[in-house]
Every structure is written in C-alpha cells, then in structure tokens.
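Subject: Structure handover

Hello,

Please find the structure below. My notes on it follow.

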Amino acid sequence: MKDELFIRGDVPMTKEEVRVLTIDWLNLENARTLVDVGAGTGSICIEASLRYPNLKTIAIEKNPEAISLIKQNCDKFAVTNLQIIEGNAPEVLPTQPIDAVFVGGSGGALDEIINWAFTNLNPQGRLVLNFILLNNLMEALDILQQVGFENIEASQLQVSRLTKLGKGKYFKPNNPTYIISCTKGAVSE
C-alpha cells in the first residue's frame with residue numbers, strides 16, 4: 001500500500017518499502033493471530049488485515065493520537081478484523097496463543113516484550129522487530145539469543161525515493177531501518 005493512502009499525523013509510520021519486507025518476514029499466510037506492539041498509525045496491522053482477511057490482528061498502542069489514527073484508518077479501509085488494545089506494553093499485552101508478533105515500538109520495555117512474545121507465540125511462531133537506533137538492534141539481538149529464539153536474521157534497509165529538486169531529480173534518503181526476524185522453535189518433548 002502506498003504511504004499516502006494512510007491518514008497520518010505526527011505519529012511515526014513504517015514506510016512502504018519497510019512495511020512490505022516486514023509483513024513478508026512475518027509469514028502470515030497460514031497465521032491466525034498477529035499482535036502489533038507499538039502500532040503507531042497501524043500501517044503494519046492494517047495492511048496485514050487487508051492482505052489476510054481471515055487473520056485476527058491486535059494493535060497495542062499507548063499514544064492517544066496514534067490510537068485515533070488507527071481507528072480512522074480502520075474506518076477508511078473498512079478493516080473489521082483488527083482489535084485495538086490501549087495502554088503500555090507489556091502491561092496490556094494479551095496472554096493467548098499467537099502466530100506472529102511485530103514490534104515497532106517498545107517504550108523501553110524490550111526485554112519484557114521479547115519474553116512475552118516467546119511465552120505466547122505458538123511453536124514456529126514468527127517475531128519481527130524494526131528499529132532505527134543501533135543500540136536497540138544490538139540489545140534485541142542479545143535478548144533474542146538469551147531467550148532462545150531461533151533462525152535470527154537481521155538486515156539494514158536503506159531506501160531512497162526519487163524526489164524533485166529544482167529542474168532535476170535526486171534520490172532523497174530515508175533513515176535506515178534495522179529489521180530482525182526470528183522463530184520460536186518447536187516445543188521439545
């Protein structure tokens with residue numbers, strides 16, 4: 001989905017190119033439940049809801065402006081399979097079996113959120129995290145290994161958009177985004 005299709009305010013939004021890779025890495029084709037922690041404008045969970053109409057998506061968000069934007073975007077795109085839970089993670093995170101978790105914001109509770117994801121993800125469940133700060137990337141990689149996630153991969157995505165400048169055009173760079181994906185292993189017997 002094009003970024004300009006979303007109703008936006010001053011709330012950060014996962015950009016189109018990053019959103020495409022993030023949703024692909026969540027591997028939602030056979031998933032039943034996705035939790036989007038730090039949903040912001042809701043661009044990830046709304047696009048996932050539209051791509052996979054049988055998917056139940058849950059947006060976790062504490063910012064009142066962001067919650068309003070998620071509601072407006074749900075109305076705009078007629079999304080009916082998305083639930084919004086208002087509040088801080090990890091306090092309001094649901095305790096139920098989950099197939100995929102996306103973390104776009106942690107509010108300083110990265111350790112608790114990753115541990116919650118490991119506890120609630122189904123075997124082979126997917127966790128994808130996006131960061132713009134290198135120290136958050138490094139902290140997440142350490143925690144993921146300690147907790148026991150498997151198949152940990154990380155990429156840096158640097159996107160530049162063709163933009164008009166005077167009589168010409170140039171590629172205007174966006175901030176780089178670090179994307180981590182990993183899997184909860186099968187339950188050992």
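Just after helix H1, Asn 27 has a positive phi of about 50°. Helices (H or I, at least four residues) and strands (E, at least two) are DSSP runs, numbered from the N terminus. This is a predicted model, in which local features need pLDDT of at least 70 and side-chain atom pairs count only at pLDDT 80 or more, while totals for chains, interfaces and linings use all residues. Residues are numbered from 1 along each chain as its sequence is written, and side-chain values use heavy atoms, with hydrogens and water left out.

H1 itself has several buried residues: Glu 16, Val 18, Arg 19, Thr 22, Ile 23, Trp 25 and Leu 26. Buried means under 20% relative accessible area, exposed means over 50%, and partly exposed is in between (1.4 Å probe, protein chains only). Leu 21 also belongs to helix H1, but Leu 21 is partly exposed, at 21% relative accessible area. Between the C-alpha atoms of Leu 21 and Pro 64 there are 27 Å, and the two residues are 43 apart along the chain.

Next, the aromatic rings. The structure has 2 aromatic pairs. Rings of Phe, Tyr and Trp (its six-membered ring) pair if their centres lie within 6.5 Å; planes under 30 degrees apart are stacked, over 60 edge-to-face, and the rest tilted.

- Phe 6 and Phe 77 are edge-to-face, with 5.5 Å from centre to centre and 65° between the planes. This pair links distant parts of the chain, 71 residues apart: Phe 6 is in the segment before H1 and Phe 77 in helix H3 (residues 64–77). Phe 6 is buried at 5% relative accessible area, and Phe 77 is buried at 17%.
- Phe 118 and Phe 149 are also edge-to-face; their centres are 5.0 Å apart and their planes make an angle of 75°. Phe 118 is in helix H4 (residues 110–120) and Phe 149 in the loop between H5 and strand S6 (150–157), so this pair ties together parts 31 residues apart in sequence. Phe 118 is partly exposed at 24% relative accessible area, whereas Phe 149 is buried at 6%.

How many disulfides are there? The count is 0, where a disulfide is a pair of cysteine sulfur atoms within 2.5 Å. Cys 182 is in no disulfide either, and the nearest cysteine sulfur, that of Cys 45, is 19 Å away. Cys 45 is buried at 0% relative accessibility, and Cys 182 is buried at 0% as well.

The largest pocket has a volume of about 1000 Å³. On a 1 Å grid over the protein atoms alone, a pocket is an open set of points where a 1.4 Å probe fits, with protein on both sides within 12 Å along at least five of seven lines; lining residues have an atom within 4 Å of a point. The volume is the space filled by probe spheres set on the points, which are joined across faces, edges and corners. Of the 43 lining residues, Pro 12, Gly 38, Gly 104, Gly 105 and Asn 130 are the closest to the pocket's centre. Among the elements that give two or more residues to the lining are helix H1 (16–26) and strand S5 (121–131).

Regards
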